[in-house]
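Reader: Please take a close look at the charged pairs in this model, and then at what surrounds them. I would like the cut-offs stated as you go.

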Amino acid sequence: MIRFLSDYMEGAHPEVMRRLQQTNLEQTPGYGADPYTAEAVERIREACGCPGARVQFLVGGTQTNATVIDGLLARHEGVLAAESGHINVHEAGAIEASGHKVLTLPEHEGKVWAEEVERYIENFYADATYPHMVAPGMLYISHPTEYGTLYTRRELEALSRLCRERHIPLYIDGARLGYGLAAAESDLSLPDIARLADLFYIGGTKVGALFGEALVIPRPDLLPHLMPLVKQHGALLAKGRLLGVQFATLFTDDLYLRMGRHAVEQALRIREAFRQVGIAPAVASPTNQQFFRLPNVLIDRLASEVAFDYWGPRGEHESTIRLVTSWATRPEDVDRLVELLTTA
């Protein structure tokens, strides 16, 4: 069985594992007060071109989203997000559990448009009853989106400009950021994201780490009491060195982007194989997630040797599936998928 279910099926990149093993028996202070975490912070600041940024390591993506959103919003505020946004669909109400509502916007292949964000805010304050309603207190987006699509620099600049004019923070979920930065179609760099976002996180769990995410706050004053928030949300690792070692390794010798490029190359091979047999992607994703709407008979034929996810419920005759590559995807597994497609 060849598996394209997700990008966090394997453990960690071998170099990450080597460094963890090499430092395993060292004794260091906990909660990130160790030299490896300090090294990782400096490497990330350098990569972002943001020497004054605060960098905080957390154990997972849901915990990071819940911590940031709860910390930024006042009690009467909610977070704007695409209808398809991860916090709205696939985080089991983690945001609502902290007392904040997800305020949904139309999605366009996973993205939100600045003009629709602006219209939502204008309409909210134009309603005389707005004091009885949940106020839009911040904007959440992900890059790549849930559909593997990317914001352009122009689109992100428009969202950033709007959020700063309206005095609401722009927060970017970067669970798969490494795959977005590595895409040939991307015109955004890590320094661009650090310049345009008020907060964002660099995903490790899905991009070569055993676990963990790096929250980057270019303006540390936005979350002045971050540490207790992290702890309240169960996102603080006592053995913080494990996160520091991993991220210091990921940001050495361009490893993070090299892993991203490998995953994207394999994903585009899959997309091309489907194109060769006359099947266009359901979404124009240039990253490691590829979506196809296929006849159920073909899906069932592939499923005998290929593991993948349905994207939504199975249809009566056709369904949408998602194939995901990762830093660890073997080219020979893609070869086998191509062979299965061409002989199906």
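Author: The side chains of Asp221 and Arg219 meet in a salt bridge, with N and O 3.3 Å apart. The term salt bridge stands for a side-chain nitrogen of Lys or Arg within 4 Å of a carboxyl oxygen of Asp or Glu. Asp221 is exposed, with a relative accessible area of 51%, whereas Arg219, at 41%, counts as partly exposed. Here buried means under 20% relative accessible area, exposed means over 50%, and partly exposed is what lies in between (1.4 Å probe, protein chains only).

This is a predicted model, in which local features need pLDDT of at least 70 and side-chain atom pairs count only at pLDDT 80 or more, while totals for chains, interfaces and linings use all residues. Residues are numbered from 1 along each chain as its sequence is written, and side-chain values use heavy atoms, with hydrogens and water left out.

The structure holds 23 salt bridges. One of them joins the side chains of Glu42 and Arg45, at 2.6 Å from N to O. These two residues are three apart in helix 2, so about one helical turn separates Glu42 from Arg45. Helices (H or I, at least four residues) and strands (E, at least two) are DSSP runs, numbered from the N terminus. Glu42 is partly exposed at 43% relative accessibility, and Arg45 is partly exposed at 22%.

Glu272 is partly exposed, with a relative accessible area of 32%. Elsewhere, salt bridges that share partners join Arg153, Glu157, Asp192 and Arg195 into one network.

Next come the rings. A search of the whole structure finds 11 aromatic pairs; rings of Phe, Tyr and Trp (its six-membered ring) pair if their centres lie within 6.5 Å, and planes under 30 degrees apart count as stacked, over 60 as edge-to-face and the rest as tilted. Phe251 and Tyr256 are stacked, because their ring centres are 5.1 Å apart and their planes stand at 20 degrees. Both Phe251 and Tyr256 are buried. Phe274 and Phe292 are also stacked, with centres 3.8 Å apart and planes at 15 degrees. Phe274 lies in helix 12 and Phe292 in strand 9 (residues 289-295), so this pair ties together parts that are 18 residues apart in sequence. Phe274 and Phe292 are both buried.

Helix 11 (residues 241-250) has nine of its 10 residues buried, so the rest of the structure largely encloses it. Its buried residues pack against helix 12 (255-276), helix 1 (14-22), helix 2 (35-48), strand 2 (54-58), strand 7 (199-203) and strand 8 (213-217), where contact means heavy atoms within 4.5 Å. Among the buried residues of helix 11 are Arg241, Gln246 and Phe247.

Last, a charge and a ring: Lys111 lies over the face of Tyr151, at 5.8 Å from the ring centre. A charge sits over a ring if NZ of Lys or CZ of Arg is within 6 Å of the ring centre and within 35 degrees of the ring normal.
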